[in-house]
Amino acid sequence: MSGASIQPGPTVALAGLGRVGAHAPAVSLPDGRPVFRNHLDAVQVAGGRVVSLVDPSAERRKEARSRLPECAIISEVATIAELKPGGADIVTLATPPYERLDALRSALALRPKAILLEKPLSDGVASGAELVRAASAASVPVFVAYNRRTDPGMRAFVDGLAVEDVRRAVFYYGSGLTNYASHAVDSLLAWFGPVRSVQAMPDGHSGSDRGCISFNCITESGLTVHLIGLPDVNYDVFEADIFLADARVGYRNNGAEKFRYEARGDLYYPGYPGLVEVPQGMARPVGGFVEMYRALFAAIESGAPAPLLCTVAQAFDVQRVIDAVVRSAKGGGCIVALGPASSH
Ligand SMILES: NC(=O)c1ccc[n+]([C@@H]2O[C@H](COP(=O)([O-])OP(=O)(O)OC[C@H]3O[C@@H](n4cnc5c(N)ncnc54)[C@H](O)[C@@H]3O)[C@@H](O)[C@H]2O)c1
């Protein structure tokens, strides 16, 4: 890691030292500032201390240890269950979504002040519901790392989005339902409110949770949102295109490039308003991990809620939408009604 300032601060036990736990490299903003994209870097840049490294791979533990200060008191173990209770303020689970319930129970037994789970919440809606129950029974705040919520560029984009003027939204995604689609669904729930019903489009790949099923959501407020899966192109796809009454906004290249067009009368044809692009400044690759830890550290220090972060109940609502998409695809594109959201 370069550019990290290392200081005493809230302590973190980090479980899962793979790509998002420790390896995803920092990228640069056009002005040269780094955007950190893994938990090991983000904790330190946010002013925290990683005090425990957990991963079955000794090699990954060793590599992660080499990136922490010499003087840090570190426990390095293969499983969360080997950690001693009370050893860290926060437990982060950057582990794969399967066996999350066991991992969460082990994390709760450590009696931390908060737990951060990587997305998606778990590998199924039944285990997801159990996770929500376990978190609520333990009265420990559990958050899920939907990092676009805390990314500064995405926050500025959302702040400029007049939700009441949105007429229709389209998201385009690759990399699977539980991957990019889950980020898009988290955004649509956070911006447009609960989803009333879901319908897979007939071109969907039924039955595969790893697939990129195209689907439509209708929100409680009556907005239609289309999510188009694009698994078969040779570039990364995570885009949004939002149509407002007098503007069109969105982002390309995995959120790095935001765009905005505004209506102007008689642009090319008399009597026909067109759209004129309004420059949006520099491209900004998405991070949000450092800001996520800053929000978490502030919340545990003050005891106040952390409204910027995705709660376990909100992440469960994402999972319910994804589950409904798979059921709709298996049912030949039937409409699946969702019932009341768990986080509202
Ligand atoms: N928020 C994001 O932008 C983002 C980006 C990438 C991945 N993720 C999510 O993070 C999670 C991990 O993905 P990844 O790509 O880093 O996976 P990965 O396979 O690269 O790494 C997972 C690591 O967890 C370790 N592990 C497995 N079970 C464990 C356990 N019980 N205790 C401790 N360590 C354990 C593995 O040995 C491995 O080192 C997934 O849920 C994925 O969806 C999120």
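Analyst: Two strands are taken to pair when DSSP finds at least two bridges between them. Helices and strands are themselves DSSP runs numbered from the N terminus, with at least four residues of H or I for a helix and at least two of E for a strand. This is a predicted model, where local features need pLDDT of at least 70 and side-chain atom pairs count only at pLDDT 80 or more, while totals for chains, interfaces and linings use all residues. Residues are numbered from 1 along each chain as its sequence is written.

User: Okay! In what order do the strands of the seven-strand sheet run?

Analyst: The order is 5-4-1-6-7-8-17, in an open sheet with mixed pairing. Strand 5 (75-77) and strand 17 (310-311) are at the edges with a single partner strand each, so one side of each has no neighbour in the sheet.

User: Do strand 6 and strand 7 run parallel or antiparallel?

Analyst: Parallel, and four bridges join them. Val 91, for instance, has Ile 115 in strand 7 as its bridge partner.

User: Now helices! At what angle do helix 4 and helix 5 pack?

Analyst: About 10 degrees, with their axes 9 Å apart. Axes are lines fitted to C-alpha atoms, over the stretch in contact for helices, and angles between N-to-C directions run from 0 to 180 degrees. So helix 4 is roughly parallel to helix 5. For angles, under 35 degrees counts as roughly parallel, over 145 as roughly antiparallel, 65 to 115 as roughly perpendicular and the rest as oblique.

User: Which residues make that contact?

Analyst: Helix 4 brings Arg 100, Leu 101, Leu 104, Arg 105 and Leu 108, while helix 5 brings Ser 127, Glu 130, Leu 131, Ala 134, Ala 135 and Ala 138. Contact here needs C-beta atoms, placed from the backbone, to lie within 7 Å. By class there are seven nonpolar, one polar and three charged residues. Ala, Val, Leu, Ile, Met, Phe, Trp, Tyr, Cys and Pro count as nonpolar, Asp, Glu, Lys and Arg as charged, and the others, Gly among them, as polar.

User: How far apart are the axes of helix 5 and helix 9?

Analyst: The axes of helix 5 (residues 125-138) and helix 9 (residues 312-330) are 10 Å apart, and the packing angle is about 170 degrees. That makes helix 5 roughly antiparallel to helix 9. Among the residues in this contact are Val 125, Leu 131 and Ala 135 of helix 5, along with Phe 316 and Arg 320 of helix 9. The contact has eight nonpolar, two polar and two charged residues.

User: How many bridges join strand 10 to strand 11?

Analyst: Five, between strand 10 (residues 195-200) and strand 11 (residues 215-219), which run antiparallel. Val 198 stands opposite Cys 217, and Ser 197 has Ile 218 as its bridge partner in strand 11.

User: What is the partner of Ile 218 in strand 12?

Analyst: Thr 224. Strand 11 and strand 12 run antiparallel, joined by four bridges. Their hairpin has four residues between the strands, and Gly 222 there takes a positive phi near 95 degrees.

Terms used: Two residues are in contact if their C-beta atoms, placed from the backbone, lie within 7 Å.
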